[in-house]
Amino acid sequence: MNHRPIILDACTIINLLRIDENELLYKQIQTLNIKIAECVYNEVINNIFKNYISNNDRVRIKQQLPVLRQYITYDKDIKKDIGTNEFELLKQTTKHSAENGELYSLFLSLILSRSLSTQINFYTDDKPAKERFEPYFMLQQLGLFGDTADLILFLYWYSSNISEHDLKRILDNLKSEYNRMLKNFVVELENKRSKTASNRRNKKLNQILDKIINGFYNGDRDIMQKGYENLIGIHDKDIKQIIKKYNPDIFKTSHIIDKIDIIQSLLVKHKIFKLA
C-alpha cells in the first residue's frame, strides 16, 4: 500500500465511479491510503445518480459505495482536531464560509500532514474552491493539490495493472462525463432531425440542426453556440422544449476537458515513465 494520505473530494469520487465500468480504478484506489471527510461521502450519496446513468452502472456503484465508508473521517473529529478558533480562522483566511466537503477536506489535509509529518495528495475538480485554497495549501506546504485527471495519471504509473490503452480510454471516459449534458442535447437534436428529414418545410430548421450536430462531432463549440442562438427564433414546440431544458452554459468548456486535451496531446509525443 502507498502510505501517503490521498484525500478525495466528492466530485472526484463521483467521476471515478461513473467512468469506471470495468472497476479498474476502483480496485486501484483501494491499494492507496484513502481518506474521505464524512460530509464528502454524504455529498457523493446525494449527487452521484443525479445525471443519467445506465442500470448496470447504477447497480455496480450501489455495491461500491458502502465499501467507501471505511475511509471516512467524521466531521466532528476533524473539527475537534483542528480546534474551533483555527476552524473559524481558516474559513476567513480562505474566504470559504460554506462548511462543505471541500472545506472539511482541506482541514483533513492539514491535520494529516501535521500529525503524520508528511505531505498529502488532495484531489478535487471544484475549480472555485481550488483557487481559494491554493495560496493556503502552498503556504502550509501540504503537498499535491490536483484533480481527477491528475489522479488518473498517478494511478497509471503507480499501478502495473493499468495499461497505456486503459489510460487513453479512461481519459476519454472522463472527458465524455464532463461532456454529458452537451451530448444529451445533441442526441435530442438528432432525434428531432430524424423526424424532420423528409419535410421540405423544415429546410431552415434542418440546416441549423445539421450545423449544431456537425459542430459537436468536430469539437467546435462556437459553431454549436451560434446554431443554438439560431434555434431560439424557430417556432417549433419540440425545439422550444429543448431550448428550455438546456441553457447556453452547456457550450462553456470545462477546465477539466481543456486539461485532458493538453494531456492527450502530450501523450502523442511522450510516454509516462513506468518501471519495468
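This is a predicted model: local features need pLDDT of at least 70, side-chain atom pairs count only at pLDDT 80 or more; totals for chains, interfaces and linings use all residues.
Which residues are exposed on the other side of α13?

## Helix α13

Asp-222 and Lys-226 are the exposed residues on that other side of α13. The helix runs over residues 221-231, and its buried residues are Arg-221, Met-224, Gly-227, Tyr-228 and Leu-231. Viewed down the axis of α13, these buried residues fall within an arc of 120 degrees, so they line one face of the helix. In general, an α-helix has 3.6 residues a turn, so residues three or four places apart point the same way.

Several other helices take part in covering the buried residues of α13, including α11 (180-196), α12 (203-217), α14 (237-245) and α15 (255-269). At the start of α13, Asp-220 has a side-chain oxygen within 3.2 Å of the backbone nitrogen of Asp-222.

## Strand β2

Strand β2 spans residues 32-37 and is mostly covered, with five of its six residues buried. Its pairing with strand β3 (residues 72-73) is parallel and has two bridges. Ala-37 has Thr-73 in β3 as its bridge partner.

## Cys-11

Cys-11 lies in helix α1, which covers residues 10-19.

Apart from neighbours within four places in sequence, Cys-11 is in contact with Thr-124, Asp-125 and Asp-126. Between Cys-11 and Glu-131 there are 16 Å in space, C-alpha to C-alpha, and the two are 120 residues apart in sequence.

Note on methods
Residues are numbered from 1 along each chain as its sequence is written. Side-chain values use heavy atoms; hydrogens and water are left out. Buried means under 20% relative accessible area, exposed over 50%, partly exposed in between (1.4 Å probe, protein chains only). Helices (H or I, at least four residues) and strands (E, at least two) are DSSP runs, numbered from the N terminus. The arc is that of the directions from the helix axis to the C-beta atoms. Contact means heavy atoms within 4.5 Å. A polar contact is a pair of N or O atoms within 3.5 Å; within protein, one must be able to donate a hydrogen and the other to accept it, and residues adjacent in sequence count only if both atoms are side-chain atoms. Two strands pair if DSSP finds at least two bridges between them.
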